[in-house]
Amino acid sequence: MDLKDDISSLKGIGEKSAGLFHKVGVFSLMDLLRYYPSSYIRYPKIIKVKDARPEERVALELEVQSEASLRHVGGMSILSFTACDDTGLVSVTYFNSPYLKNAVKPGMKRVFFGSFGFKGQTARLSHPKMFKYEEYRELGNTLMPVYPLTKGLTARTVTKAVKAVFDAFGDLEDPLDEDVRNRLDLMSLRQSLYGMHFPVDEEGFIKARKRVVFDEFTDFLRSVRQLKEDNSKTSNHYVMIESAEAVRLTESLPFRLTGAQERAYRDIVSDLASPYAMNRLIEGDVGSGKTLVACLAMLTAVKNGYQAALMAPTEVLAGQHMAKLSELLKPYDVTCTLLTGAMSAKEKKQAREDIASGVSDIIIGTHALITDLVEYKNLALVITDEQHRFGVSQRKNLSDKAGGGMPHVLVMSATPIPRTLALILYGDLSITVIDEKPSKRLDIKNALVGPEYRKKAYEFIKKEVAAHHQAYVICPLVEPSEDESRAGENVEEYSKKLADMWKDDVRVGMLSGRMKSRDKNAVMERFASGDIDVLVSTTVVEVGVDVPNATVMMIENAERFGLAALHQLRGRIGRGNLQSYCIFVDTSGKKESSKRLEILKNTNDGFKIASKDLDIRGPGDIFGIRQSGELGFRVADIYTDAGILKMASEYVSSGDAGGEYDEAGEATIL
Ligand code: ADP
Ligand code: MG
């Protein structure tokens, strides 16, 4: 057996389970070992009923008071009974678990772990896990892995399969020599992977994670080096001159370019004319106006007789870029073509034909743009928006599409990282920082509130809508969660709730990653054109979406998101000249959480947020909070793991890693 083998080669994994694993991106046995938990649960200390706070997940030691009663509502069975400790009474309910009726007896004492709340005056625990006292105490020190599952795939199946792989392989071949591991204080590959899935304690987990992060960074840095070497030899096959149309476009805008936009544009024009192909990163905080810079670059390419492509990480964003750019470029006789996975086969075929024949000047799309079926007539400029969502290899892939020679590459990112860090992560690119926002913008006003503030927030949103403005409400989940440990607000129920409450006064729409692309785009278009007042959405709107008339964003369960993600989300408002408001609803009731969110409340500056975040986030914070796939890393976080990044960077640059020595490797981070 080999780790590259398909998971169906594993005993106990049938065709059906294999299919489910494929759905979550696990194909080989190695994929399975790298299918890390997204978080870990630590069971809390047992507390008294009087100290339990609503919306918290608590452990209570209770004595059952009443016989369990069973009711049926719709297709669901509800079992309930009362239980108490010496400070209060709790009503406990279970759903679709009729078998518990005989197991629960008055006088029985158990530890109940679940989410606590009130219905009227009555304290309630809904669907808690039940343990004997000793059992619970044992659990106290362990970390329970929580896997990113899909319907039908249970945590048990994953755990069993992972265990089976470890059983089948005595040892895993380790690309890192033992003396290197000792020197850098890194676990062996096997130990680290095992420790990710079955951490004994926090300390063990942190060590296991360190090795995994190290590997992710070294892989990444190697490809950056590779790209750098490839690029430095590439001469400019598509020499361009500044176009009169681009100048005219800037003059026709209702506003002036900011100084930083002007500088970025100048850098690009000089790259396009230089002897070498452009490889530039434009880094600028959300709302700094990167799209316009991209637009000027593409117009320049088109007027020099070439095609340009713009790639976005989501269909929603691609659709929006298409609408905005077509509008902006209308007077300049430029044909824009959209190509995304959401389009019908017929539409895609037409788009591909136009791209190949040269009817299309500017091609806008998602990943579909890099799939092999697309042929360009004369692609000379490739722009990727929100680059941090693309891995290095994908970037390279697109560059290979041009055929006639390496095209110019421009990547745009809002990831706020310090310049020194950027030099390491984007070692292969020249960098322009857009460090200035359009001058007329008003600072977003922020509020950090608890759930009791919701009512006021709804009134506020209604008032803004009455003033013809729009709002986003962000929920972490799409639908009600069956998994108690991940309970939180969901888009489906929330949008219904708001629609019922506001009736005809407010038009509520909903958006989630689960919807068909076509429907997503339709909803986004209706929101952009003002036919929807309040959009209840998951974080699919996180990147790039631009509806300047939206002035309010209310983020539910804000404690669940990383600060970087929250900052990106908030970047959807405050994009026009209107005063905007962001309401962070913290339902955790925890001090640490509000301290973290305070940072967002106190500044709207992405760079400051990133560095402050680093100050207060110790390694302990890695439990549960995941950065949303920065640069394609699954575990590594460029901010909290800056130390490991430095180590990896030195290692890759040294003779150890098999590469030649590179002086730049000595760069210091942060
Ligand atoms: P991001 O950098 O986040 O991609 P966008 O390019 O989407 O930001 O721009 C945000 C908004 O700012 C857009 O509505 C755009 O029209 C507007 N904008 C861009 N440049 C300027 C400027 N120089 N002055 C005023 N508004 C601008
Ligand atoms: Mg953008």
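A pocket, on a 1 Å grid over the protein atoms alone, is an open set of points where a 1.4 Å probe fits, with protein on both sides within 12 Å along at least five of seven lines. I looked up ligand 1 in this predicted model, and the space it takes is the second largest pocket.

Ground rules I noted: local features need pLDDT of at least 70, and side-chain atom pairs count only at pLDDT 80 or more. Residues are numbered from 1 along each chain, and hydrogens and water are left out of side-chain values, which use heavy atoms.

Next I checked the neighbours. There are 17 residues around ligand 1 (a heavy atom within 4 Å), and Arg-256, Gly-287, Thr-291, Arg-441 and Arg-575 come nearest.

Then I went for polar contacts (N or O pairs within 3.5 Å). A ligand 1 nitrogen sits 2.8 Å from a polar backbone atom of Arg-256. For Gly-287, a polar backbone atom is 2.6 Å from a ligand oxygen. Lys-290 uses a polar side-chain atom, 2.8 Å from an oxygen of ligand 1.

Notes: Chains are lettered from A and ligands numbered from 1 in the order in which they are written. A polar contact is a pair of N or O atoms within 3.5 Å; within protein, one must be able to donate a hydrogen and the other to accept it, and residues adjacent in sequence count only if both atoms are side-chain atoms. On a 1 Å grid over the protein atoms alone, a cavity is a set of points where a 1.4 Å probe fits but cannot get out, and a pocket is an open set with protein on both sides within 12 Å along at least five of seven lines; lining residues have an atom within 4 Å of a point. A molecule sits in a cavity or pocket if more than half of its atoms lie within 2 Å of its grid points.
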